[in-house]
Amino acid sequence: MLRQACLNLYIVLSFLSCWNIEAAVYNPHTFTLKNGLQVVVIENHRAPVVTQMVWYKVGTIDDPHGKSGLAHYLEHLMFKGSLNSPAGKILSEINRVGGEQNAATSPDFTVYYQVVPKNKLELIMSLEAGRMAHLEIEDQYAKPELDVILEERHMRIDNNPTGIFFEIILASFFKHHPVRLPTIGWEHEIKTFTTKDAQSFYNTWYTPNNAILLIAGDVTVDEVKTLTKKYYEVIPIKAKPQPLNIQEPKTSPMIQRLEMASPLIQEPYFVKLFKAPNFKEGSRQGFYALQVLTELLDTPVTGRIYRELVEKQRIATFIQISYQGYTRGPGYVLILAQPAPGHTITDVETAFNKEIEKIIQQGLHPSEVEKSKSRLLAQLDYTRDHVLSGSNEIGKALIVGETIKEFEAWPDHIKAVTPEQANATFKHVFNLSSNLTAILWPQK
Amino acid sequence: MKVFFWLIISLLFSFSEVHAHLRIQEITSAKGIKAWLVEDHTTPVIALNFSFEAGASQDPEDKLGLAELVSQMLTQGAGKYNSHDFAKKLQEIASFISFNVTISHFQGSLKTTQTNAKEAFQLLKTTLAAPLFSADEFKKVANAHITTLSNLEKQPSTIALYHLRKQIFGPSHPYARLVEGSLKTVPKIHANDLKNYLKNLGRDTLKIGVCGNISAQELAKVLDEIFSSLPQKSTLTPISSIQFPQKEKFTTIKLSQPQSIGLFAQQAIPFKNPDFLKASIANEALGHGSVSRLMSEVREKRGYAYHVGTNIDQEPLMSLLIGSVGSQNSRIMKSLALIKEEWKRIRDHGLNEKEFADAKSHILGAYTLNFMSSPQIAELLLLYQEIDAPITYIQKREQLINAITLEQVNNFTKTFFTPERLQIVVVGNPETGEHDAQ
């Protein structure tokens, strides 16, 4: 049951693929309704299937102070209500027609989606528009859901070997920006949520002018235009949301170290975090250069750092380097590795730092950079094969304020990355005098 | 642990709008190699999935994890390519080759594009015919696997599944193993054991599903090129059949976690059984998916769990109806009691009209969602062959489902559900003195 995914807890497992495979040219069409709701349509007629996604520009970083996890709680409550309300019947109605549905809360957004046979598009649009227009949260549904969320927290965090570890890493690495808070919320704060908290959060943020509607699959733009006029354009604006623009304080360079233990592991984990510019911070060149760099460094077997630590020296069993840059909050680069039998965390750390220093001193060879770019671009062949492809990527891009035009020009931006930019970005980001190292030890 | 028991059931439902343009061809090559193909020239992609009926259950007793290591080592160099060159070559041709092991099958997949297909097929052929299995690379792969395994063996979900399977199949039965092997056996595996395992991968159990931009004639040639060098016949150790336990059994494994995990299972029926679709409909109402009796009783009404659900797991030796739930320690016994209550209720009273109509409508509609990409279609074609479905099955399925009546399902549930034989495993620290699930 995947109904409510907390995206940021999955970073270690899932983010490897997010750049290397998906981004590409999808030829989307976009228009905006009178109430400010942006609509995006990606036509793909490969199979008689259609998806609807509503992306609200609100996530964990917008949770009220002292109520971490409230955005996620509301996400659950969007499936709750009396049987004649859209929220109360959406699960069973869509289940009945064989549709899949899910929702996810992340630091930056909350997204609801359904995948259905194409002749059910009108049904899912009427239901989704219904709960965008109106949601009355009642105690009888809201209260038991608090227990469900606590169970979700136990499953995702407490029963997960690295769950608490990554919660503490983010809380330590960021000093002020709410990206440091867990998406599911701290347990003691979850217990304080009231029906009123959730209702007022809904009234503030769930308004058509704060959302993006994305329809992808076997559908035409004209069909979508007709249906959105009927169901979505009639929804009144509830509020004009004003997200806080919180910034991390500028601090002197600092080396941070964090160590924890878990009874659920036998072999330790090594993690390192560096600050990195996100989509909006710094130059856009650095944003694209970082996409090339992560490909260049950690691709299994051939990636520069992977090859050195895993293949040649065999100090680590794997190493993953990921860039979180499509974010409303501060961006970062995260490295995760595990020592090979016979080697220690110190061996991994020393070898990793040495390789970073070597790249800083000697620079990356222009041919390495060019090859990485080609490998990224080669994945474009696959982008139209899946009937729903593009919907997730475009949603994430629009949430951080990227335009469709820039999104579609992704191949050109990657081609434009020069070896000089890659080297300059590397030196700027992989700063050995300012970062956080975290180690998770097995509890003896 | 591979989540093998979630995979199969959702693929067995048909939807008329889809099969209109989903034309499956059965291809037989000059050398007699067969495949199912859905030809589609609107995509540049070609996806080829194949499998052999030899999974981790064929591992020698003292070398559990062998099949898994073979699957990892096949992409670590073949023919003139060492591990590094092999990976580089795949990247150059933007293609993907991977292998996967379940308890009963050894599966491979290739994803490529029309432009690179020729080189990709050649590389797959070399991978199967001339793997290097170098001792040096093996050391690297085995070490990494040991690290993974040592963490895996401590995870509550792994512990629960391992114990449940031991309880059902018997402690030393090949189906009770972890696909990944164990920390006791993996260090005993050597590079030269890998070649031995390959004798299990013969053409006699080979099944192939293909979807994408390739014609039937081209595919026939490609099949011979890739697979004809494999041994004609595989040498497989027969797996002894088992009896599902007659009596209910409840095992608790103590682990100090705030949430306990509960797994529960009973025997189901195989796909070939004419009642299979009735079991699917009944399972839909009991615990499959986001709307079910278990979801309603355990999660929606009481908030006892975030996750609760059931699936039908089709393994060649035995089909299982298996479910799981996660509840805090003070509530896990209550959750399990509710589940068992529902198990009895559906046995005694069957489904009501609305549940029946909804379940049917769901499994008809959901089928469309299996055809969204070439790899997904290729995998489906493979799966149908693994469970020995007729090639016309997709066409007939909707009709078969529509012909089923509520009365037939409710007669069926009376004998199908066996709450008195449920096998239950809890991992966690359930509080005693609570409601007793037994």
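**Helix H3 of chain A**

I looked up burial in H3(A) and found Leu70(A), Ala71(A), His72(A), Tyr73(A), Leu74(A), Glu75(A), His76(A) and Leu77(A) buried. Buried means under 20% relative accessible area, exposed means over 50%, and partly exposed lies in between (1.4 Å probe, protein chains only). H3(A) spans residues 70-77, and eight of its eight residues are buried, so the helix is largely enclosed by the rest of the structure. Helices (H or I, at least four residues) and strands (E, at least two) are DSSP runs, numbered from the N terminus.

I note that this is a predicted model, where local features need pLDDT of at least 70, side-chain atom pairs count only at pLDDT 80 or more, and totals for chains, interfaces and linings use all residues. Residues are numbered from 1 along each chain as its sequence is written, chains are lettered from A and ligands numbered from 1 in the order in which they are written, and side-chain values use heavy atoms, with hydrogens and water left out.

**Helix pairs in chain A**

I took H4(A), residues 86-96, with H5(A), residues 121-133. Their axes are 9 Å apart, and the packing angle is about 155°. H4(A) is therefore roughly antiparallel to H5(A). By class, their contact has seven nonpolar, one polar and four charged residues. Ala, Val, Leu, Ile, Met, Phe, Trp, Tyr, Cys and Pro count as nonpolar, Asp, Glu, Lys and Arg as charged, and the others, Gly among them, as polar. On the H4(A) side I listed Pro86(A), Ala87(A), Lys89(A), Ile90(A), Glu93(A) and Ile94(A). They meet Leu123(A), Ile124(A), Leu127(A), Glu128(A), Gly130(A) and Arg131(A) of H5(A). Contact means heavy atoms within 4.5 Å.

Next came H6(A), residues 139-158, and H7(A), residues 163-173. Their axes come within 7 Å and cross at roughly 90°. Axes are lines fitted to C-alpha atoms, for helices over the stretch in contact, and angles run from 0 to 180 degrees between N-to-C directions. The two helices are therefore roughly perpendicular to each other. Angles under 35 degrees count as roughly parallel, over 145 as roughly antiparallel, 65 to 115 as roughly perpendicular and the rest as oblique. H6(A) contributes Arg153(A), Arg156(A), Ile157(A) and Asp158(A) to the contact, and H7(A) contributes Gly163(A), Ile164(A) and Glu167(A). I sorted these into two nonpolar, one polar and four charged residues.

**Nonpolar cores**

The largest nonpolar core has 78 residues. A nonpolar core is a set of buried Ala, Val, Leu, Ile, Met, Phe, Trp, Tyr and Cys residues joined through side-chain atoms within 4.5 Å. Leu48(B), Phe50(B), Ile208(B) and Phe227(B) have the most contacts inside this core. Helix H8 of chain B, residues 216-227, gives the largest share, seven residues. I checked Phe227(B), leaving aside neighbours within four places in sequence. Its contacts are Ile33(B), Leu48(B), Phe50(B), Leu128(B), Arg203(B), Leu206(B) and Ile208(B). A second, separate core of 61 residues includes Tyr26(A), Leu296(A), Ile315(A) and Ala337(A).

**Single residues**

Val301(A) has a positive phi of about 70° although it is not a glycine. I placed Val301(A) in the loop between H11 (284-298) and H12 (304-312) of chain A. Val301(A) is buried at 9% relative accessible area.

Arg314(A), also not a glycine, has a positive phi near 55°. I found Arg314(A) in the loop between H12 and strand E10 (316-324) of chain A. Arg314(A) is buried at 18%.

Leu336(B) sits in H11 of chain B, residues 332-349. At 4% relative accessibility, Leu336(B) counts as buried.
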